Amino acid sequence: MQISIQLNGRKITEDVRPDLLLIDWVREHGCYSVKRGCETSNCGLCTVFLDEKPVLSCSVLAARADGHRVDTLEGLQEEASEFGAFIADQGAEQCGFCNPGMIMNAIALFRENVDPTDDEIREYLAGNLCRCSGYEGQLRGIRAFIEYKKKGGAVCRQ
Amino acid sequence: MLKIKEYVRAESLKQAYELNQKRGNRIVGGILWMRMSSAQIQTAIDLASLGLDQIEEKEEEFSIGCMVTLRQLELHEELNRLSQGIIRDSVKDIVGVQFRNLATIGGSLFGRFGFSDVLTCFLALDTYVELYQGGIIPLAEFADRERDNDILVRVIVKKTPGRHVYLAHRNTKTDFPVLTAALLLDADGARAVVGARPQKAMCVKIEDMWKEKLENGSCTPEELKKLAETLAAQIPTGSNMRAGAEYRKHLAKVLLRRGLADLQKDGGKQNAD
């Protein structure tokens, strides 16, 4: 079947199998930030934006994304690198495998809520698992980033 | 691994229904549960283009399209005002935001899953389901039915004033619940719903003699404990990898007691007028 998806601003039209998952489709197009982790829709490693909403690409048929916009970390380099620096500053990760999914979902959080409380951060990122850390480093990084924004850092896209 | 031979984005409910009568064809909702299986689907029927992804507020009810996501329910202010937040409470620990942006209310209720927070919650509201062929029936009746090839088109929540409470226990955050409990106090009386037993949620009516006391907020802690034990005794529990039947039985008493205490808070009158 033929689908047409706007991937990171570029329209791609091609034939796919009906059961092809979006994660496989975006990786076939070079978006290797999108990782396959748990295979049970739990870990958040495969987070992409579907029409600007964070979703698990391992659990979406590419066919369902037909006619829609899909963004991966590769398409959000500016926002991602700005925020990612705060995560790195805290040494918040070890292996880094969870990082792209975590950054994607954190960006989604900042777009929805520019000044989240710690509880709101924890709740929003509950679907992003990290097996190296205890999440404290990430939380410190997010807090630091929010403070930076409050003090006039570049404005997050709404 | 889920296999799909053909994918059809239905152009009408009639087309979807007709396709769904064929053996091997399946309606796909969020596919989050379906993809965990090794189902071999001939034709996957997608309802995504039928405008069923909206929550419509009418004078006497909310009409929720079957493709509305759990995240939409979580963020819907009016629905959560009506339910005193139990809709949000029931979905907020279901994996993560990314998951809830995909999981649909239609898929959650049509599956009548034992582990369902959503079924437990909506059984405690004045909820009906609109089936394409079967018309509008109470959710409780639908929950008792065997699965068939009808289509759950919409979920209807009546604006019946009442006091609602939702509680769930999980071994670990974002996991399936070990037990869920929802309580309702309205003009018709009081009810308790317990789910993840691990069988699907069931509803137990609370005797009318307790209704007035709960409304007045005058139950003593001892009475609440006794009532919770009476209710828990009517709810069969089972064992699975998350917990044993005895533990669930104990947990039912605890959650129901806490829920009843919450139900009679502020004299049980919140949103009752």
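**Notebook: chains A and B**

I began with chain A: among its contacts between residues at least 6 apart in sequence, 61% join residues at least 24 apart. I count two residues as in contact if their C-beta atoms, placed from the backbone, lie within 7 Å. I note that this is a predicted model, where local features need pLDDT of at least 70, side-chain atom pairs count only at pLDDT 80 or more, and totals for chains, interfaces and linings use all residues. I number residues from 1 along each chain as its sequence is written, with chains lettered from A and ligands numbered from 1 in the order in which they are written.

**Entry 1, chain A overall**

I looked up the secondary structure of chain A and found five helices and five strands. Helices (H or I, at least four residues) and strands (E, at least two) are DSSP runs, numbered from the N terminus. I read the order of elements from the N terminus on as β-β-α-β-β-β-α-α-α-α.

I then checked the dimensions. The C-alpha trace of chain A spans about 50 × 30 × 25 Å along its principal axes. Of the 158 residues in chain A, 46% are buried. A residue is buried if 20 or more other C-beta atoms lie within 10 Å of its own, exposed if 12 or fewer, and partly exposed in between, with C-beta atoms placed from the backbone.

I took α2 (residues 77–89) and α5 (residues 136–150) of chain A, whose axes come within 8 Å and cross at roughly 130°. Axes are lines fitted to C-alpha atoms, for helices over the stretch in contact, and angles run from 0 to 180 degrees between N-to-C directions. α2(A) and α5(A) are therefore oblique to each other. Angles under 35 degrees count as roughly parallel, over 145 as roughly antiparallel, 65 to 115 as roughly perpendicular and the rest as oblique.

I logged the crossing of α2(A) and α5(A) as right-handed. A crossing is left-handed if the near helix is turned anticlockwise from the far one by less than a right angle, and right-handed if clockwise. On the α2(A) side I listed Phe83(A), Phe86(A), Ile87(A) and Asp89(A), which meet Gln138(A), Gly141(A), Ala144(A) and Phe145(A) in α5(A).

I counted 11 helices and 12 strands in chain B. Its C-alpha trace spans about 60 × 45 × 30 Å along the principal axes. The radius of gyration of chain B is 19 Å, in agreement with the value near 19 Å for a compact globule of 273 residues. Buried residues are 46% of the 273 in chain B. Of the contacts in chain B with a separation of 6 or more, 64% are between residues 24 or more positions apart.

**Entry 4, strands of chain B**

I found an open sheet of four strands in chain B, in the order β9-β10-β11-β12 and with antiparallel pairing. Its edge strands, each pairing on one side only, are β9 (162–170) and β12 (202–206) of chain B. The twist averages 15° from one strand to the next. Two strands pair if DSSP finds at least two bridges between them. β9(B) and β10 (residues 177–186) of chain B pair in the antiparallel sense over nine bridges, and Ala168(B) has Thr180(B) in β10(B) as its bridge partner.

Glu6(B) stands opposite Thr43(B) in β3(B). Strand β2 (residues 26–28) of chain B also runs parallel to β3(B), with three bridges.

I looked up α10 (residues 221–233) and α11 (residues 245–263) of chain B, whose axes come within 8 Å and cross at roughly 135°. That makes α10(B) oblique to α11(B). The crossing of α10(B) and α11(B) is right-handed.

I recorded 23 residues from chain B and 23 residues from chain A in the contact. On the chain B side, β1, β3 and α5 (97–100) each supply at least two residues. β1(B) gives the most to that side, with five residues.

Terms used:
The radius of gyration is taken over C-alpha atoms; the globule rule is 2.2 Å times the number of residues to the power 0.38.
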